[in-house]
Amino acid sequence: MNIWVDADACPSVIKDILYRAAERVEMPLILVANQPLRTPASRFIKTIQVAPGFDVADNHIVQHVQAGDLVITADIPLAAEVIDKDAHALNPRGDFYTRENIRQRLTMRDFMETMRSSGVHTGGPNVLNQRDRMKFANQLDSFLAKQTK
């Protein structure tokens, strides 16, 4: 199993949690981004820099993810494609995207996008707080514990 990270928008604090987890469970962590990334030296951590462009990193992940892999992303359309490939998707706030909730999340995302394009100011997501970080770390640890048994 690999852990893939949609790394361009992934918060640094979440990447730090992932670096420690990859070392602890000795699992490959692959960060995909449009720009160079600095990561700790580790035989378990790999970065892939893709060409600049809309969804280039997402497309790379979708092309290479395997069933059972874990993808860390806040991108709901990417999460939907990952789930279609029988992989798992976890957002940086610690919420898993699942077959049961992904369609609702896509619908809400599309609705909010329509609202924004019609001029309604919807605001952005809340700042990632300590509670979100803890939830992410706990969900990741629980998931990895199940996978490494």
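Modeller: The buried residues of α5 pack against β1 (3–6), α1 (12–25), β4 (70–72), β5 (88–90) and β6 (96–97). Contact here means heavy atoms within 4.5 Å, and buried means under 20% relative accessible area, exposed over 50%, partly exposed in between (1.4 Å probe, protein chains only). Helices (H or I, at least four residues) and strands (E, at least two) are DSSP runs, numbered from the N terminus. This is a predicted model, in which local features need pLDDT of at least 70 and side-chain atom pairs count only at pLDDT 80 or more, while totals for chains, interfaces and linings use all residues. Residues are numbered from 1 along each chain as its sequence is written, and side-chain values use heavy atoms, with hydrogens and water left out.

Colleague: Which are the buried residues of α5?

Modeller: They are Asp132, Phe136, Ala137, Leu140, Phe143 and Leu144. These residues lie on the same side of α5 because they cover an arc of only 135° around the axis, taken from the directions from the helix axis to the C-beta atoms.

Colleague: What does the face turned away from the buried side carry?

Modeller: That face of α5 carries the exposed residues Arg131 and Lys146.

Colleague: Turning to rings, how many aromatic pairs are there?

Modeller: The count comes to 1 aromatic pair, with rings of Phe, Tyr and Trp (its six-membered ring) pairing if their centres lie within 6.5 Å; planes under 30 degrees apart count as stacked, over 60 as edge-to-face and the rest as tilted. The rings of phenylalanine 96 and phenylalanine 143 have centres 5.7 Å apart and planes at 40°, so the pair is tilted.

Colleague: Where do the two phenylalanines lie?

Modeller: Phenylalanine 96 lies in strand β6 and phenylalanine 143 in helix α5, so the pair ties together parts that are 47 residues apart in sequence.
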